[in-house]
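Hello,

Please find the structure we spoke about below. My notes on it come after.

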Amino acid sequence: MVPVVSLPLGVSEGYVQDGPGGSRPFDVTTLEGELRSMWKRAGAGSGGKANGDEARSAVIYRAALSNLVVPLDPALAPRLNPVLLDVTRMHPSRLFSIEAGAKPKGSGLRARIGAVCHRRESGGGLVCSEQIVLESDPSSAALIPSAIRSLLVGELPVVVLDFHPGLGVPWVLELMQMADVILEDSCVKEAGREPEVWRSIRIEGSHKIHDIAWSRLHPWRMVLAEVFDDKEHLRALGTIRHVEIGFTGPGGPPPPAWLLAGWLMSRLGWKPKRKERETLVLHSPSGPVTLALRGGRPGEGRVLELVRIRSEDPHPLDVEILHRGRDETARIVTRKPRASSAEVPFPYRGFAACIVGEIHRHTPNRSLEEASRAAESLIRLWDGR
């Protein structure tokens with residue numbers, strides 16, 4: 001945690017926690033008063049006698065485009081809090097960070113306020129988002145939705161960014177009922193329960209529920225589309241016989257691997273057929289297709305790193321796309337019909353950029369709907385169901 005400091009904010013940027021006492025028992029009237037007092041002091045501090053550039057750099061802009069409500073697993077909070085700071089840089093919001101069950105028994109529901117600030121790109125002052133942190137003991141978690149409801153900024157959309165790994169948690173479900181948009185991330189869900197995110201998309205619709213795992217696939221789909229922009233390669237789509245998707249780390253395939261396979265399957269009209277050892281056999285209009293999902297590649301986390309597609313006569317093709325970490329390029333290696341190798345732009349987007357991109361999407365995502373349905377069918381085949 002950044003050390004507690006008091007406003008005015010004009011001297012720095014980052015996270016500012018207001019109130020030297022830290023968190024206190026939740027009381028909506030007290031919190032609203034503290035927020036008003038925080039901005040009053042900020043205004044007083046930025047309105048001094050400085051002139052010109054100094055005056056412009058001291059200006060503080062209070063901004064909010066949405067109510068951003070984030071249920072956090074306390075164990076994941078240290079890793080995800082920096083992501084939330086980056087989200088508010090790109091999409092200023094009243095940010096509600098929720099850590100249910102983090103406090104000892106008898107603590108009740110507690111809250112503290114703060115501001116997340118960043119300097120404007122033009123250099124003229126700071127843009128600040130309010131942050132309200134709610135913490136509770138396990139027995140007080142049920143009070144969280146009503147507490148959030150009492151502090152929402154009217155007329156702004158409510159976006160729930162669900163970083164809680166459990167599904168079906170009652171207080172989280174109540175938060176979702178008040179949301180205009182729900183951002184899920186199947187990558188942080190409990191192992192084996194990732195498809196439940198995709199089922200909720202089918203029930204509520206992709207205009208309301210988004211999966212950030214799908215957003216991570218955007219650069220992969222772009223590079224694949226670029227490969228098949230070549231007229232000679234385009235004909236090979238109909239004779240694909242082998243697809244390999246490689247990912248880093250141990251364990252089973254991560255959700256993006258299933259979604260990418262599901263996207264190919266839905267776009268090319270393939271159907272699941274059977275499992276053979278560690279591969280899946282799919283039916284295509286021109287013959288069988290084998291799908292291999294292989295992990296264990298060195299690297300951080302469980303992320304996609306390789307896609308290889310092989311087609312047979314009369315339109316042979318053997319092409320491999322390799323991307324590592326946060327590199328801004330990917331390597332395309334073609335073995336058939338002619339050997340070649342090239343570095344191409346890979347529009348990698350960080351986690352925060354993926355989140356903001358999904359916040360800004362307001363239309364149904366038919367590609368995700370189709371890919372997630374296909375991914376579920378592949379998982380059932382993989383699990384022998």
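This is a predicted model: local features need pLDDT of at least 70, side-chain atom pairs count only at pLDDT 80 or more; totals for chains, interfaces and linings use all residues.

Residues are numbered from 1 along each chain as its sequence is written, and side-chain values use heavy atoms, with hydrogens and water left out.

Helix α4 spans residues 144–151, and its buried residues are I144, P145, A147, I148 and L151 (buried: under 20% relative accessible area, 1.4 Å probe, protein chains only; helices are DSSP runs of H or I with at least four residues, strands of E with at least two). They lie on the same side of α4, because they cover an arc of only 160° around the axis (taken from the directions from the axis to the C-beta atoms).

I144 and I148 are among the residues with the most contacts inside the largest nonpolar core, which has 83 residues (a core is a set of buried Ala, Val, Leu, Ile, Met, Phe, Trp, Tyr and Cys residues joined through side-chain atoms within 4.5 Å). Another core, of 21 residues, lies apart from it and includes V83 and V159.

V159 stands opposite V181 in β9. Both faces of β9 are covered, with V181 and L183 buried on one side and I182 and E184 on the other.

K189, in the loop between β9 and α6, is buried at a relative accessible area of 6%. Its side chain makes polar contacts with the side chains of D162 (3.0 Å) and E184 (3.1 Å) (N or O pairs within 3.5 Å, one able to donate a hydrogen and the other to accept it; residues adjacent in sequence count only if both atoms are side-chain atoms).

Regards

Conventions: Buried means under 20% relative accessible area, exposed over 50%, partly exposed in between (1.4 Å probe, protein chains only). Two strands pair if DSSP finds at least two bridges between them.
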